[in-house]
Amino acid sequence: MVNTIIEPFKIKSVEPINFTTREYRERALREAFYNLFLLRADDVLIDLLTDSGTAAMSSKQWAAIMDGDESYAGSRSFFRFEEVIKDLTGFRHVIPTHQGRAAEKILFTVVGGPGRVIPNNTHFDTTRANVEFSGAQAVDLPVPVALETSRRADFKGNMDLGELETLITKTGRGNIPLCFLTVTNNSVGGQPVSMKNIRETKALLDKYGIPLFIDACRFAENAFFIKLREPGYKDRSIRDIAREMFSYADGCTMSAKKDALVNIGGFLALNDSSLAEKARSLLIMTEGFPTYGGLAGRDLDAIAQGLSEVLDEDYLKYRIRSVEYFGDKLEQAGVPVLVPTGGHAVFLDAGRFLPEVPPELFPGQSLSVQLYLEGGIRSVEIGSVMFGKQVDGRFVGAKLELVRLAIPRRVYTQSHIDYSAEVVIEVFRKRNSIPGYRITYEPPYLRHFTAHFEPVPIGSRR
Ligand code: F0G
């Protein structure tokens, strides 16, 4: 029997990647202050920093780009874009933005503000920053199993409904303008949210008259997990499952840089006409006219095409399987990975990988720097660099110390994944000689993007 799941495409255009020596990478790291965001991408061999904006577009998307209409107002590209999104989500108003965070900024400028509280299964970092910048409070309510990296469960991305109800009663319905569900739940490992959880979140919010919004970046990956794992969905199409997911919501923000398979773009879609009007007024000030919103007409066409390609089950099967394949290889070698693997990335548990590096010396940062040094792989720390803070002069670490190896869509082949797994396993073998890191410079917001670090040797070793 033939079992191998292959890449459901052939390659028409290639882009070389650069091989470097260890000495070269040591210098590059010093010059980047040990912050992988500050490296030149040309110095990276396999770039697993993010799955955002890094997809390879299809020949049909490139063809759609040539057909883009660059009219300032009423562009044909906008109407295609709007039609595809309305058909998929059912929302009445579709507002294009240059990426996901621009949709967040507009939405929270309208509904946020001091005294307001926004619950979410887990806010992504830009979502949290936009909520907090408006003066509102961002509250994460993941189910407890989300924090147990070695425990398998089907829907670790779910919202904790008990905690949500407690928050609503404590805060008062009037202070919660809307509630978010992030699908898949990026910050806890790209874990899916079940249809049952979406439905029950909606039912609970309905009791209090609070609207539900979906952070839809990875909606198709979420829909595929529902098809695989949730009773009653195995014979339903991905489009149908996605439509049901959106049917419980009153609106969504979307970074098209993920599941719309494009390099830039996003949107805000919603039913409430008065909210949409306020959002469009802000859009004109900061993004652009409502029929292009910070994008070129051609980008809108590429998104419209990408949103139909992403629903293809052969694509999703390959996508989810290639991430799982990577995770399985690491798990078999004893590397502590978050299980089960999520939709877009393999997450290493740096806390368990480097138990001798204390949280205040950033084990995730240590591990991600080491993966670059060993094999030219770029990953991202999702731990105390990103979420840790000083409270009254005291260090408060993140709940988990993770390193994310995000897989760009349709970009790397199985041998790139095999190579990456070998590099991680090699670093795991040498884990007792890895230093911790100290921050030498940090900006006031989103410090992980630009902070500077220096290595701190860890004393006695096994
Ligand atoms: N929401 C989630 C769940 C995300 O993962 C991201 C981006 C955004 C919103 C913001 O979208 O980048 O288009 O402004 N995540 C990327 C990542 C950056 O690497 O996970 P954006």
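Predicted model: local features only at pLDDT ≥ 70, side-chain atom pairs only at ≥ 80, totals over all residues.

Reply: The peptide bond that joins Val-183 to Thr-184 is cis, with omega at about -20°. A further cis bond leads from Val-339 to Pro-340, where omega is near -10°; Pro-340 has its place in the loop between α12 (313-332) and β9 (345-349). Phe-33, a residue other than glycine, has a positive phi near 55°, and Phe-33 lies in the loop between α1 (22-31) and β1. These points deserve mention because most residues other than glycine have a negative phi, and most peptide bonds are trans.

Rolling a probe the size of a water molecule over the atoms shows where empty space is left. Searched as a whole, the structure contains two cavities of 30 Å³ or more. The largest cavity has a volume of about 150 Å³. Its lining consists of 17 residues, and those nearest its centre are Glu-104, Phe-124, Cys-217, Ser-255 and Lys-258. By class, three residues of the lining of the largest cavity are nonpolar, eight are polar and six are charged.

What takes the space of the largest cavity? The ligand does. Around the ligand there are 17 residues, of which Thr-50, Arg-101, Asp-215, Ser-255 and Lys-258 come nearest. Helix α4 (residues 100-111) gives three residues to this shell, the most of any element. The shell comprises two nonpolar, eight polar and seven charged residues.

Several side chains bring polar atoms to oxygen atoms of the ligand. For Arg-101, a polar side-chain atom lies 2.6 Å from a ligand oxygen. In Gln-99, an N or O atom of the side chain is 2.9 Å from an oxygen atom of the ligand, and for Arg-218 the distance between a polar side-chain atom and a ligand oxygen is likewise 2.9 Å. Of the 470 Å² of accessible area that the ligand has on its own, the protein covers 94%.

The second largest cavity has a volume of about 90 Å³. Among the residues that line it are Asn-35, Leu-36, Phe-37, Leu-49, Gln-365, Glu-381, His-448 and Phe-453. The elements that give two or more residues to this lining are α14 (363-375) and β11 (380-382). Six nonpolar residues, five polar and one charged make up the lining of the second largest cavity.

A pocket, unlike a cavity, is an open set of points. The largest pocket has a volume of about 1,400 Å³. Its lining numbers 36 residues, and Ser-13, Glu-15, Ala-56, Arg-410 and Val-411 lie nearest its centre. Two or more residues of this lining come from each of β1 (46-47), α2 (59-66) and α11 (297-309). The most is given by α2, with three residues. In the lining of the largest pocket, 18 residues are nonpolar, nine are polar and nine are charged.

In summary, the ligand takes the space of the largest cavity, helix α4 gives the most to the shell around the ligand, and side chains including that of Arg-101 place polar atoms by its oxygen atoms, at 2.6 Å in that case.

Technical notes
Residues numbered from 1 in each chain as written. Heavy atoms only, no water. Near = heavy atom within 4 Å. Polar contact = N/O pair within 3.5 Å; in protein donor to acceptor, adjacent residues only side chain to side chain. Areas by Shrake-Rupley, 256 points an atom, 1.4 Å probe, with all protein chains shown as cover. 1 Å grid on protein atoms, 1.4 Å probe; cavity = no way out; pocket = protein on both sides within 12 Å on 5 of 7 lines; lining within 4 Å. Sits in = over half its atoms within 2 Å of the grid points. Helix = DSSP H or I, 4+ residues; strand = E, 2+ residues; numbered from the N terminus. Nonpolar A, V, L, I, M, F, W, Y, C, P; charged D, E, K, R; others polar. Points joined across faces, edges and corners; volume = space filled by probe spheres on them.
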